[in-house]
Each structure stands twice: as structure tokens, then as C-alpha cells.
Amino acid sequence: MENVILNQLNYPVLSYTVFLPVLGALLLLFMRNTAMIRWTTLLVTMATFVISLPLLTNFDKTTYKMQFVERHQWIPSWSINYFIGVDGISVLFVFLTTLLSILCVLVSWKAIENKVKEFHIAILTVEAAMTGVFISLDFFLFYIFWEAMLIPMFLLIGVWGGPNRVYAAIKFFLYTLVGSVLMLVGIIVLYFAGGNTLDILTLGTVHYPVKLQFWLFLAFFAAFAVKVPMFPVHTWLPDAHTEAPTAGSVILAGVLIKMGAYGFLRFSMPMFPDAVRFFMTPMLVLSVIGIVYGALVCLAQKDLKRLIAYSSVSHMGYVTLGIFALNSQGMEGGILQMLNHGIITGALFLMIGIIYERTHTRVIADYGGFATLVPWYAGLFIILTFASIGLPGTNGFIGEFLVLFGAFKAQKLFGVLAATGVILGAGYMLWLYQRVFFETPNPNWGPGHHPLWDLDLREVITLAPLFALIFVIGFYPEVFLSYMHPTVENLLKHINTHAFAGEGLIAKHLMEIF
Amino acid sequence: MDMANYLFEMTMIMPEITLICVGLILLLLDLAVKKKEVIAVVGIAGTLVALYATYKLYIFNQPQNVFAGMFVLDGYSNFFKLIFYINIILTICISLKYMTIEKSSFGEYYALILFATTGMMFMASAADLIILYLGLELMALSTYILAGLIRKQPRSNEAALKYFFLGAFSSAFLLYGISLTYGMTGTTNIKEIAVALQSLNIVDNPIVFLGMIFMIVAFGFKIALAPFHMWAPDVYEGAPTSITAFMSVGPKAAGFAVMGRVLFESFGAMQLQWNSILIPIAVITIAVGSIIALAQTNIKRMLAYSSIAHAGYMLLGIIAGTADGLTSTVNYLMIYMFMNVGAFAVVISLRREGFQGENLEDYMGLAKKHPVTSALMLVFMFSLTGIPPTAGFIGKFYVIMEAVNSGHMYLAIIAVMFSVVSAFFYLRIVMYMYMKDPKEEVTLTSSSSLNFALAVTTAMVIILGVFPSFLLNLVRSSIAG
């Protein structure tokens, strides 16, 4: 236990963060009044957020070790423990999860009128499962949260989604499940290879044979690449994002797809350093394809939500590009970009949900001239557009800059190619803004026709925290970067010292495989 | 044989004696008592007495061979008996109201369930192939009748007849296998066969191999392994739903009990040979069950194919060929009982006077009017898929773990990939319930006993999913002992 720091607070902070939403969901089972259900859910998510705050404030930023660790025996016959903790990477995502959950409840206040109770139960359970994924230090526990999340998510998309929701929900479920079950086999193989344990930290210290690493990397890649999503297994994402209700899109874009990249960082990198080295170039290639392809497809979209969905493919390409650049700038940039994408795209989906409640259309051509109709809305939207493009002063700039810096350092060509994505990104976002907010006003809207109203107080409150974060990170990224420095440093040191030196040796081992 | 020894041996089969006696009492009681509830309650009480007897017999930590090596009482058989008892109680609970609706509420029904179960218990405790055969026939004959109990329904009659003919066929296979084995080894005692195989040095003998294959075929028929599964969809569909639930657990568990015992104890030295048969069977079973279920529109047929697929997963533990592997199979059976009977309990609750409630379309929009029942069905469906935190995941995890541990990597990958295929048809039910609008109003039949069964199965599916330790330890210690 020398490599972890036990929870120093006098209450199990991480367990509370995970299980308070579960408790809230159980409480909801016995409620009938919809207003009461909404308020209870809001209070529970806010309480969870408050409870999780000490994780940030009491965090020891000088160490890479796991903190706030709790460990109890769970299934002794398989030596499985209830083992949770956070390091400089996961703590940020716990923060993001608990924050976005509050906003999801707020944005659904009026949008969801059907099966209100079930909706809020789904939101709370998905929050618990997502938090669980980020804090699990035991593979079994991790896998339970990872899979359990599918159930409420499947329902969120399929029950409260758009017209094509059932197709999107099933596609999402099956895609993710294929990847997950392959990872499950990988986990079981690791269990036996690592000495009958599923302890993630212990498994990370074992040096596995190169051949085994190679196959395990692929098994885990199946799960994580689908989640990220990386090209070419990204096709579930546009459907799921588009059809999901606003809250579902925010959860998907904000947290859920981060788990893939998180998985690479938490499992693939420490456990299969040789394979990571070997697969570095293919991963960079896939990332760059994702960046450019996603951006190009955005240019052709007619649907507002679908466009943002494809922009996620492009932006997540930066994340994997940065991570697999295997240097500190790239990796920190990738992690920050994950957080940024959660904030920006989360906010974009909130904004689209807000306007959809008024117009009931997502087709870009139905809009036009909205800058005069809803000026405040238009003003906030331009900030998001700039953040998404990566204008200096916003968080998007810091993340993309670090990623591109790292990519240049690793392999120049990929840096150059990825940079074209920035230009394309400016293209599709600004063009979108032009079509929606400028140009001749669409005669359908405005006084005398379909009434539109600007942002109300609830909506402003919903958006405010995300806009604040955009500028905080944009001007002083160290607020969040400082958490990850030691962790990233340690991870890179681990990869460099553990990976077999020299490409020749890897090539030799690969000869044995084929 | 002296009296004390005789009495001691009788105590060993006290649970079986209890069930037979209670069964006979039920037959008599049926003449005197009009209310079927009384008969059901007496049946459950009798089962509890038998359960108590088994519990008391748990004290021996060594296997007890009695009746001249015909009958064995060990942890393995005791654990299977536990499955059988729970199965009886759950079946009776879901039957009460349902059989009245089917206008087939006979007292014999409950007696036959007890007789069938006694057969299963003899199978689990068989130390000799003859006792095994007797137990199997007692179980089979009782279930043939149970399958055809709705006399006025042609499909129920068809189910019984089909089950009977194919069952008789499989019994012939079993007898043929026993004869061949007896011919080669000169014994029908399960343990002594293993000794004879070694001492006569006939492990590689093709006739011994053939005898073993015939027995696997017969057991495979009871378990519904492909390609011996053809009867299952028709019989499952035609039989009374409560009996479908009963059959999908009891005979399957009994089949696995004897398969495990015969393969491990008699043919333990021939593991390579039996795996050369069982591995293709497992792959075909999982594939057939998962793929054909996709095309079903009747939920009972769909669950029949699902139970075929699950039998394939359970087989992985036997293929592993270790004590741990066998443990994983038995563990799977226990979990499978709860989730499968639970699913059938929901199917039963849709049945009412003049409404079958067996088509998938009947589940359209069920969540709107009946949120609780739908939520329970959702839990069972996700458990059957094997999604955590339900018990179904623990079951699958364990068998796949043992498949990997015994070096059958490809089998593990095939199994998990088909579990994705199967996810589609389980999800479809959830989709119908939650994401479609109701076509017509469905009113549910409910009774306190049905609710009890639903509560128990749901609770177990969730509890065993989150805290599997207790069950795992129980199975492990039973099989090790």
C-alpha cells in the first residue's frame, strides 16, 4: 500500500460521490409528484457536486500517487476488492461528471415531460456509473461501472430521444458492447497473467511478454476506440448524439466518450508500454484521419446536432493524437482537451437544446437571422464558436496548442496534418454561425409568427458555469494542468523505462506472433 | 445387513423419501380438498421439509456412498438439490393463478412436479448408471405429462407428444451408451468405470469412446444442446408457461449434474476425447441459440432459444475440465434459475382470460401502464444478456474466466461475441416495453404468490450480482467437498 495515499478526510468522500446519486435514484422510486422529483434530483446532483469538491481542494498536487483511496474486501475468492481512488487525471473527470450532471437536470426541467421519474432515475444512475468508472482501481469494479452505464444510457437515448431514437439506441448499445466484451476477455487474460489479481495498480507494475501485450492492447483498443470514438468505429456517435435528448447528448459528449481516452491512459499505457510504442504510429494515423475526416464531414451536415456530433469526432482526434504523441506536452494537452471538449461541446449541446425547445427543428436551413431575434443567445453562441475553433483566450486554444506542440515534437508530419483540422474547424463553425444567426431572417420566426424568446434565468444559470470555465482555463490553464503534471510525468517515465529498448527487439517479437 | 446400517442408509435418502411421500399425499389430498391453494401450500411445505433434511445431511464432509455404491450424498449433489428445491417453490408460486386461468388446475400437477424433482435428485446423487437412468426416466415421464397438461390445447398436446417421442429416443441412446460402457468395463458404477478404464488400459478404445458419446447425446438432449435441441422451442412454446419455466431449469440442471459427474468421475482420463465432441457442440449451441432467437416473435420460443444459448455457456465450465470449471457451471445454473424463472413469471403475468400475451407485440408500451413489472422484466433481460451489476454477468464472467484459464481462448471470444448477438433480442423486449406506444391496453394478472416469486427472483438477480461472494463460496465448498 506504499504507492497509494489513503483517504485522509474523516468520511469516505469517493464512496459518497458514487453512491449518493444511487441513493437519490432509490428515493425517486417512491415519489409521484413530478416537481418534487425534479427538485430532489437537482438537490442530489448538487449535493454530490459539493461532496466531490474536497477532492479538488484537498488534492496533493505534488504526487502521482492515488489519493483518497478506499479499499475493502469484496469477492475474496477471486481476490477482488472494492478499491477506489483518484490521481491527477481522474480527479478532473470526477469534477466534470458531477458538474455536468447538475446542468443535465436543469436543462431537462421543461424539455422532459414524459416518464419524468424514470428519466431522473436514469440520469442519477448514469452519473454514479460514470463517476465509478473514473475512480475504480480494480478491474472488476471498473468493468461493472463501465457496462452498467450502458443500461441507463440506452434508455435515455431510446425513450426520450428524437424520431430515430430506437435505431440510435440499439446501435450505441451493440457497438459499445462488442468492444466491451473483447476487453472483458482481455481483463480475464490479464488476471491470470498478472498473478490472479485484478488490482489495476499491481497489474500496471508487471512486465508482460511482448506478444501478450500486443494482443491485449488490441482487445482493449476495441473497447476504448469505440468509446472515444476513433475512426473507423465512430459511426454510432452521430446517431446517438443526434437522437439523444439534450441531457443525453451532454452526458455522451461531456463525459461518456472521454472514458475511451481515459482507458488508454489508465490501462493501455502503464500495462502494455511495448505495444503502445509499437502502435504509436497507427494510432496517430487514425487520430489524424479522425480530425480531418470529422471536420470535412461537418461541412456537409444539414442538421445542427449532427454537425456538432461530427465535430466531436474531430475534436476527440486531437485527444488521442496528443495522448499517443507520448510526450508531456501532447499528453497534458490531450487530457486538457478532453476536459475542454466536455465543457465546450457540452455547452453547445445545451445551447442547441435550448433553441430546439423554441423552434422544434434542428435543420440549419430553417434558421437564419437569429442574431436579431435572440441577441443574448447569439452572443453566447459566438463565444462557444470561438472556443470550439480554439481562439486564444478560450480553453480550446490551450488544449489544441499543447496537442499540436506535442504532435510536432513526436512526428512533424502528423502535426502539420492535424493543424489543417484547426482551419477546417474554423470553417465549419463560422459557416454554421453565419447560416444560423446572420443572413436574411427566416420568415417563419419572429413576432407575429412563431414566437421566440431569449434566454431565461434558468437557462443562464445552466450555462454560466461552463462559460466561466472556458475563460478560466483559457487565461490560466495551470488551474487544471497543475493537477496532472506529476501523474503525466510518472506515466511517461514508466513507459520509457518499462518499454523494451530498441525497435529491433519489438520487431523480433512480432515476428514470433505472425 | 444390520438394522442400524440400514436405517443410516435410509436417512441418506430422506429428502427423496419426503418428496415422494408428499407427492403421494397431494394425490390423495386432491380427492378431499377442493381448493388448489391448499395443495400448493402442502407441496411447498413438503419441499421445505426436504430442504431441511438436506440441510441436516450437509454435516458429512466426506461423500457418503450408500446402497452398495448406488447412491452418493456429497456436496455436489446437495447443491443441485438446493437448486431443485428453489425451482419447485418458484414454480408452484407462479403456477397457482396461471393454471386456473388455463382451466387446468389439477392436483396431480403439483404431485408431478414433486415426482419430477425426485427424479432429478436421484440423478444428481446417482453413483451408478442404473440409478442415473431410473432418475432420468422418473423425471422425464413426469415432465412429459406436465407438458401436455392443458388438455384442450392442441399445441400443449403436441408439445407432450414431441417431447415424449424424442425423449424416448434419447433414453435409448443413454441405454445404448450404458450397455457399451458396461460391455467394455464390466461395471455400471460411475467411480469403478474410471478404475476399469485404467486397469484394462482401454482409455483409447473406440467402443468406450462411442459409449461416452451416446451418453453425452442423451444428456445433451435433456440440456437442449444443439444439435439435440430441436424439441425445445416447440415444447417450451406448447407447455404451460409455468412448466416451461420449470423445465428450463430443472431438467437442464439435472442434465448438467449427471454430465458433470459421469464425465469427471468416469471418463476423467478421457478429457481430450470428450472435449473433441463438447467444444464443437458448445460453439454450435451458443450460435444456434443466439442467432435463431433473433427471428422469434413469440416470447416463449425466444426464451427457449435463449435457454439453448445459455446451456452453451454453461458447457464452457465442463469443457474447462477442472473443479473450478465445474463450479462455474453450477454457479451459472443457480443464477440462471433466478433470472429465467423471473422472466417467465413476467410472461405469466401477461396471461389472462382470453389473452395469451405471448407475442412480442403484447409488450409494446408496457412501461406506460405497468412501470414496475416492466422494470423487473428489464432487470431480467439485462441479466440474461450478462450486463453488470446483475447476476447474469457474474455467471458469464466465471465460465469465461474458466474457459480462458483452461486455455480455450477462442471459445471465450466466440462466447462473448455471441453474447452481443443475444443482446439484440433481449434488448428488443426492453425496446418494446419502453420505446413503443401500446397497441392495446394490457391488464396484468397478479397474485400474491406470483408477486412473491417476482420479488425473490429480482432480489436474487441483483443481490447475487453485487455481492456474489456468498454464492461463490457455497458452490466452491460444495463441489470441493
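The model is predicted: local features need pLDDT of at least 70, side-chain atom pairs count only at pLDDT 80 or more, and totals for chains, interfaces and linings use all residues. Residues are numbered from 1 along each chain as its sequence is written, and chains are lettered from A and ligands numbered from 1 in the order in which they are written.

View 1. B:Val235 is buried, since 30 other C-beta atoms lie within 10 Å. A residue is termed buried if 20 or more other C-beta atoms lie within 10 Å of its own, exposed if 12 or fewer, and partly exposed in between, with C-beta atoms placed from the backbone. Leaving aside residues up to four places away in sequence, B:Val235 touches B:Ala147, B:Ala159, B:Lys162 and B:Tyr163; two residues are in contact if their C-beta atoms, placed from the backbone, lie within 7 Å. B:Thr187 is 48 residues apart from B:Val235 along the chain, and their C-alpha atoms are separated by 35 Å.

**View 2. Helix α5 of chain A and its packing partners.** Helix α5 of chain A spans residues 139-148 and is largely enclosed by the rest of the structure, because 10 of its 10 residues are buried. Among these buried residues are A:Phe139, A:Phe140, A:Phe142, A:Tyr143, A:Phe145 and A:Trp146, together with A:Glu147. The buried residues of α5(A) pack against β3 (80-86), α4 (116-135), α6 (150-160), α7 (165-193) and α8 (200-203) of chain A.

**View 3. Strand pairing around β2 of chain A.** Strands count as paired if DSSP finds at least two bridges between them. β1 (residues 4-6) and β2 (residues 66-75) of chain A are parallel and joined over two bridges, with A:Val4 opposite A:Met66. β2(A) also pairs with β3(A), in the antiparallel sense and over six bridges; here A:Glu70 has A:Ile84 of β3(A) as its bridge partner. Four residues lie between the strands of this β2(A)-β3(A) hairpin, in which A:Ser79 takes a positive phi near 45°. Within strand β2 of chain A, A:Phe68 has a positive phi of about 55° although it is not a glycine. A:Phe68 is buried, because 27 other C-beta atoms lie within 10 Å.

**View 4. The largest nonpolar core.** A nonpolar core is a set of buried Ala, Val, Leu, Ile, Met, Phe, Trp, Tyr and Cys residues joined through C-beta atoms within 7 Å. The largest such core holds 386 residues, of which A:Val185, A:Leu321, B:Met123, B:Leu316 and B:Ile400 touch the most other members. α7(A) gives the most to this core, with 19 residues. Not counting residues up to four places away in sequence, B:Leu316 touches B:Ala282, B:Val399, B:Ile400, B:Glu402, B:Ala403, B:Leu411 and B:Ala415.

**View 5. The contact between chain A and chain B.** Chain A supplies 26 residues to the contact and chain B supplies 25 residues. On the side of chain A that touches chain B, the elements giving two or more residues are α5, α6 and α7 of chain A. The largest share of that side, 14 residues, comes from α7(A). By class, the side of chain A that touches chain B has 22 nonpolar, two polar and two charged residues; Ala, Val, Leu, Ile, Met, Phe, Trp, Tyr, Cys and Pro count as nonpolar, Asp, Glu, Lys and Arg as charged, and the others, Gly among them, as polar.

**View 6. The kink in helix α18 of chain B.** Helix α18 of chain B, residues 409-435, has 27 residues and reaches 37 Å from its first C-alpha to its last, close to the 39 Å expected at 1.5 Å a residue. The expected span is 1.5 Å times one less than the number of residues. A kink of about 25° in α18(B) is centred on B:Ser422, where the bend is the angle between axes fitted to the seven residues ending at a residue and the seven starting there. α18(B) is mostly covered, with 19 of its 27 residues buried.

View 7. A cis peptide bond, with omega near 0°, runs from A:Phe231 to A:Pro232. A:Asn196, in the loop between α7 and α8 of chain A, has a positive phi of about 50° although it is not a glycine. A:Asn196 counts as exposed because it has 10 C-beta neighbours inside 10 Å.
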